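Have the sequence and the 3D view ready as you read.

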Amino acid sequence: MLDFDLTEEQRLLEQSVREWGAREVQPKIHDLDREHRFDRGILPQMANLGLLGASVPVEYGGAGMDYISLGIISEELEYVDTSLRVIMSVHAGLNCLSLLSWGTEAQKQKYLVPQAQGQRIATYGLTEPAAGSDVRGMQTTAVKKGDRYHITGEKMWISLADVADNFLVFGWTDLDKKKQKDPSGISAFIVERAFKGFSSGTLKEKWGILAGNTGYFKMDDMEVPEENMLGKPGEGFKIAMFALDQGRYTVAAGATGLIRACRDASVKYAKQRKTFGVEIGQHQLVKEMIAQMESDYQAARLLWMRSGTLKNKGRRNTRETGLAKWFSTVASERAAGDCVQIHGANGYSDEYPAGRFYRNCKGAVIYEGTREIHKIMQADYVLGYRQDKPTRCELPAYKG
Ligand SMILES: Cc1cc2nc3c(=O)[nH]c(=O)nc-3n(C[C@H](O)[C@H](O)[C@H](O)COP(=O)(O)OP(=O)(O)OC[C@H]3O[C@@H](n4cnc5c(N)ncnc54)[C@H](O)[C@@H]3O)c2cc1C
């Protein structure tokens, strides 16, 4: 049965995250953005609200919320600034939910519990300087010597690279398969910043999500205990794709929040600014842009909620989540462009948030599967060229 109403708990969550964002982050986001400054003080506040372990069960230190709640948090956070939602994507989505689904009991106790409580911050390292969409082009290797893996490689464009304590890292454990680019030779590892041979840095030339941290990390013959392999040898590619089902979900819900932010800023400005003797909101071409934002917002919200409903039921949602991510991020780019347009020259200035929305929206059209990769995936589903096979581990259904 379809139910579009939020539960009482979900409505309270929406309200409390919205109020927290407006009170604690909104007043300073302009300055953080202009100063390219990641405010670490936000993390303990997010932890106190239970956001960092949102959909991790209580027995593993989380808040035990359902997956729709994770979407609500993502939408509300990106309404304030994309940098906040990115924290949810890499920490709560890509990393924690992968550990929850694929981790051993010992790994969950050691890594998931402190992450869900917000004592440790985590991220996801798949991309490399020469391998983005084409994951099989990665160069990182993990060579087993005794009971340890020696990992060498570099990960690039990693959100929270200079902030996180723990990293979900992917590399080749089968070097013959690396030569053939057979992804069944890739494995996944839980890596700590404290491991010898690990170093990281921040990318300084980035022009969007400026209040967020994005960087690189290097692993120079870094020794990782064998018990830190996530899943079995050769399951890394499957885990990387599984993780994206969770990350993309938060990106979709977040982009929906960004469309709403563009809509609200546009409506406010359209009622203040006058041309030719009337509020610009009275001009049909301005109305058209605002109407498009409203239809995109409503459609994007339905798409991520469908995906969250499937997750709650424990059903596979790669196809639906991909569609939600693709649609909402492309729509957020349209909304942000029109938000600048409605603001006229003022949209071209950082006095108004429209320019920040415009810079922030583009990242999500690139990361977690580019627009083009998602387009191809959706066409392949429809054409029958692509089908999702069951994986050994699945995201646990929400048990209530
Ligand atoms: C702000 C930001 C944060 C990020 N955070 C993370 C993170 O936390 N962890 C992480 O692992 N990565 C992260 N990334 C990296 C991101 O996932 C990659 O940038 C993305 O996968 C695209 O890879 P690429 O940049 O190498 O582009 P490429 O793969 O080189 O693609 C370049 C262009 O070619 C197109 N293209 C490529 N292949 C095809 C094809 N088969 N058909 C049609 N067109 C194609 C693409 O769509 C794109 O337009 C982040 C990126 C950004 C910008």
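Searching the whole structure turns up eight aromatic pairs, where rings of Phe, Tyr and Trp (its six-membered ring) pair if their centres lie within 6.5 Å, with planes under 30 degrees apart counted as stacked, over 60 as edge-to-face and the rest as tilted. One of them joins Y124 and F170, an edge-to-face pair with 5.4 Å centre to centre and 65° between the planes. Y124 belongs to strand β1 (residues 122-125) and F170 to strand β4 (residues 166-172), so this pair ties together parts 46 residues apart in sequence. Strands here are DSSP runs of E with at least two residues, while helices are runs of H or I with at least four, numbered from the N terminus.

This is a predicted model: local features need pLDDT of at least 70, side-chain atom pairs count only at pLDDT 80 or more, and totals for chains, interfaces and linings use all residues. Residues are numbered from 1 along each chain as its sequence is written, and side-chain values use heavy atoms, leaving out hydrogens and water.

Elsewhere, F167, F198 and F217 make up one aromatic cluster. Charges can also sit over rings (NZ of Lys or CZ of Arg within 6 Å of the ring centre and within 35 degrees of the ring normal), as listed here:

| Charged residue | Ring | Distance from ring centre |
|---|---|---|
| R136 | F237 | 5.3 Å |
| R263 | Y297 | 5.2 Å |

Finally, is H374 buried or exposed? H374 is buried, with a relative accessible area of 0%; buried means under 20%, exposed over 50% and partly exposed in between (1.4 Å probe, protein chains only). H374 lies in helix α12 (residues 371-383).
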